[in-house]
Amino acid sequence: EAGRKLFAGEKDFLKGVVAMSGLPPDDRIEVCFAGRSNVGKSSLINALTGRKGIARASNTPGRTQEINFFTLAESHYLVDLPGYGYANAPLAVVEKWQRLLKQYLSGRQSLRRAFVLIDARHGVKKVDEEILTLLDKSAVTFQAVLTKADKVKAAERDKVMAQVRKRLSAHPAAFPEIVVTSSEKGDGIETLRAIIATLI
Ligand code: GDP
């Protein structure tokens with residue numbers, strides 16, 4: 001099926017971008033992934049692409065202030081946005097992150113959707129609201145992806161889903177369907193691949 005095919009080829013890391021001038025040309029349809037640090041973004045990208053270690057699991061602010069581009073099915077990009085919400089990130093780092101992200105999101109014609117990762121145990125946090133608002137302003141449709149679903153019981157997950165749904169309803173750019181995933185167990189990975197396949 002389409003989703004599997006899309007992720008079957010070579011997934012090459014193209015480049016890490018630290019400034020707008022370094023962005024690859026805006027001529028390939030792409031999707032991006034955002035989430036606060038430690039939400040499970042690297043693990044999810046690795047699970048999606050089926051290649052361990054393609055996205056670094058990184059917990060140091062310095063290494064992750066880059067926008068990472070991976071090629072997808074030769075003519076598309078999967079874009080890994082820098083993690084946010086580090087407890088002790090210096091203001092200068094936060095500001096640089098905000099500036100780069102704002103520039104990327106507001107001018108990227110080929111960006112079809114942003115996937116915003118939310119921990120299935122914690123729901124939407126205050127630090128997430130910032131990017132959700134930025135996505136609204138940039139008119140980039142975003143879809144919430146719950147991560148680490150294996151860490152919560154169904155009843156707890158449903159409670160978090162309800163919270164997320166409620167928070168999303170305040171955001172005009174939110175896509176209503178929420179995807180539940182576990183990179184550990186593989187849950188939701190095929191679903192997410194299929195969604196991406198319909199977009200690109
Ligand atoms: P990132 O900082 O957002 O890239 O997060 P990572 O992918 O590095 O994951 C942060 C931590 O959560 C790591 O210890 C992972 O092993 C763990 N983790 C990530 N995804 C899952 C998952 O689906 N289930 C469980 N149980 N743990 C996960």
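Biologist: Which residue of β6 is the bridge partner of aspartate 119?

Modeller: Threonine 147 is the partner in β6. Strands here are DSSP runs of E, at least two residues, and helices are runs of H or I, at least four residues, numbered from the N terminus. This is a predicted model: local features need pLDDT of at least 70, side-chain atom pairs count only at pLDDT 80 or more, and totals for chains, interfaces and linings use all residues. Residues are numbered from 1 along each chain as its sequence is written.

Biologist: In which sense do β5 and β6 pair?

Modeller: Two strands pair if DSSP finds at least two bridges between them. Strand β5 (residues 111-119) and β6 have six bridges and pair in the parallel sense. Between β5 and β6 the chain passes through helix α4 (residues 126-138), in a right-handed β-α-β crossover. Right-handed means that, with the strands pointing away from the viewer, the path from the first strand over the helix to the second runs clockwise.

Biologist: How many bridges join β6 to β7?

Modeller: Two, and β6 and strand β7 (residues 179-180) run parallel. In one of them, valine 145 has valine 179 of β7 as its bridge partner. With helix α5 (residues 154-168), β6 and β7 make a right-handed β-α-β unit.

Biologist: Why is β6 described as largely enclosed?

Modeller: Count C-beta atoms, placed from the backbone: a residue is buried with 20 or more others within 10 Å of its own, exposed with 12 or fewer, partly exposed in between. Six of the six residues of β6 (residues 142-147) are buried, so the rest of the structure largely encloses this strand. Phe142, Ala144 and Leu146 point one way, and Gln143, Val145 and Thr147 the other.
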